[in-house]
Amino acid sequence: MATPAGATATVERPRRAVATVVFVVFLDLVGFGIVIPILPYYVRSFGVGDVFIGLLAATYSLTQFLAAPTLGRASDRWGRRPVLVLSLAGSAVAWTIFGLGDLVGDASGAAAGVAVLFLARALAGAMGGNIAAAQAYVADVTTPDERAGALGLVGASFSLGFIFGPALGGALASETAVRAASGLPIPLPATPFSLPAFGAAAMSLVALGVALAVLEEPPRHRATGARSTLVAEFRAALGEPALRGLVFAFFLVSVAFAGVQVMFIPFVADASAYRFDASAAALLLTYVGVLGAVNQGLLVGRLAERFGSGRLAVVGASILCVALAALPFAPALGGAVPAFGGPTWLTRELVALLAVLGLLSFGNGLLNPSLAALVSASSGADRQGTAFGVTQGAGSLGRTVGPPAAAALYAAVYWSPFVAGALVVLPVVALLVGVARGGEPGGERG
């Protein structure tokens, strides 16, 4: 039953509803994270150039960009639960197809195998737009005061997914796992590439089962307007003064952060102070993921209640800006770390890097859920899904643009993508200062 316009939507047990959505998003993100360690090697197994790795990553982000507003709008019209269920089922199909790429390549040639990978990643990216529906669901079942903390839990599920997903993917790609799967009495293609993909599909199926069994549709005011196009949705969002700046903020932050994410591992591999291999770099990513989960899961809600989402977003963007600029100079900053009697592997340069990464994780952990809360407060009760869909789409577009631009800058000067990322975030800080000074949208003061 639809809730009248302006009423507060709720479900019988809102805390359980939020926990269920967070768990579903976590399972879905674990599935996404599972394929991260094997993706470059999978592409190279077809004998094609590394450029296809970047193109494959861009395909996911591009289709997510195109699909997120559509899924958000669909969740406003037909319900959050149906959209989440459909997208989880689609993700399971996409990852299954992805796992069959090498089988197709063996049977029909490398070109056909690579085409299957692109098809699967495109479908997975489109289904990945379900985050807009998940955020809208959380907005439906929480009060404005609770919303930043609840959206922070959704952000924490991202961090946890990227902690557990790659580790599980590496285990599934191991010789032990392949050998064990090859001995099963079922016709399962068992390779270091197919097993992680099938594991991702299994995680989506588990999330689908949880959504079907536990998740209830929240009452809400249903939009009844005529269907609009992606361009029309962006035009409408950019026409709303309270939402326009937030859409640009999501885009710019995604450009900066995605570019740095892509070039971070080459940096720690190339820098003479580190020379990290893939295992050491993975430990650093796990460290950042753990900090992100703690920041968004435990701190954001409490800080937002005390200071407001507007001020918190300003602080987060400012910290992120400083951390991005400092990251490539961590080896030099290590000279300022006092000598200590730790283990030999814990060098002063590594301590400086860990400190900068901690700062980066803290800033990002404050900024993302605070931005999401501001978007929610800037949108009407009947347009929560649409607003989150547009901002999610802007983020996906930023993640499409950022990595190739950062790679080109890194090839010219190693520190330039990080400093450029900080410069890109500067306008976001200025924009959010204006939001905080003017009072948060929807009447919540910053």
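This is a predicted model: local features need pLDDT of at least 70, side-chain atom pairs count only at pLDDT 80 or more; totals for chains, interfaces and linings use all residues.

Q: Which parts of the chain does the pair of Y42 and F98 tie together?

A: Y42 lies in helix 2 (residues 39-44) and F98 in helix 4, so the pair ties together parts that are 56 residues apart in sequence. Y42 and F98 are both buried. Ring pairs also link Y42 and F98 with F46, W95 and F193 into a cluster.

Q: How many helices and strands does the protein chain have, and what percentage of its residues count as buried?

A: The protein chain has 18 helices and 0 strands, and of its 446 residues, 52% count as buried. When contacts with a separation of 6 or more are considered, residues 24 or more positions apart account for 82% of them. The protein chain exposes about 18600 Å², of which carbon and sulfur atoms supply 69%.

Q: How should I read a cavity, and which residues line the largest cavity?

A: A cavity is a set of points where a 1.4 Å probe fits but cannot get out. Here the search of the whole structure finds 1 cavity of 30 Å³ or more, and the largest cavity has a volume of about 40 Å³. Its lining consists of V24, V25, D28, L84, L88, N130, I131 and A134. Helix 1 (14-34), helix 4 (80-99) and helix 7 (131-141) are the elements that give two or more residues to this lining, and the largest share, 3 residues, comes from helix 1. By class, the lining has 6 nonpolar, 1 polar and 1 charged residues.

Q: Where is P189 found, and is it buried or partly exposed?

A: P189 is found in the loop between helix 9 (175-182) and helix 10 (194-214). Buried means under 20% relative accessible area, and P189, with a relative accessible area of 22%, is partly exposed.

Q: Which residues does P189 touch, once those up to four places away in sequence are not counted?

A: On that basis, P189 touches L100, L103, S194, L195 and F198. As for V178, P189 is 11 residues from it in sequence and 9.4 Å from it in space, taken C-alpha to C-alpha.

Key. Residues are numbered from 1 along each chain as its sequence is written. Side-chain values use heavy atoms; hydrogens and water are left out. On a 1 Å grid over the protein atoms alone, a cavity is a set of points where a 1.4 Å probe fits but cannot get out, and a pocket is an open set with protein on both sides within 12 Å along at least five of seven lines; lining residues have an atom within 4 Å of a point. Grid points are joined across faces, edges and corners, and a volume is the space filled by probe spheres set on the points. Helices (H or I, at least four residues) and strands (E, at least two) are DSSP runs, numbered from the N terminus. Ala, Val, Leu, Ile, Met, Phe, Trp, Tyr, Cys and Pro count as nonpolar, Asp, Glu, Lys and Arg as charged, and the others, Gly among them, as polar. Buried means under 20% relative accessible area, exposed over 50%, partly exposed in between (1.4 Å probe, protein chains only). Contact means heavy atoms within 4.5 Å. Accessible areas come from the Shrake-Rupley method with a 1.4 Å probe; for residues, only the protein chains shown count as cover. Rings of Phe, Tyr and Trp (its six-membered ring) pair if their centres lie within 6.5 Å; planes under 30 degrees apart count as stacked, over 60 as edge-to-face and the rest as tilted.
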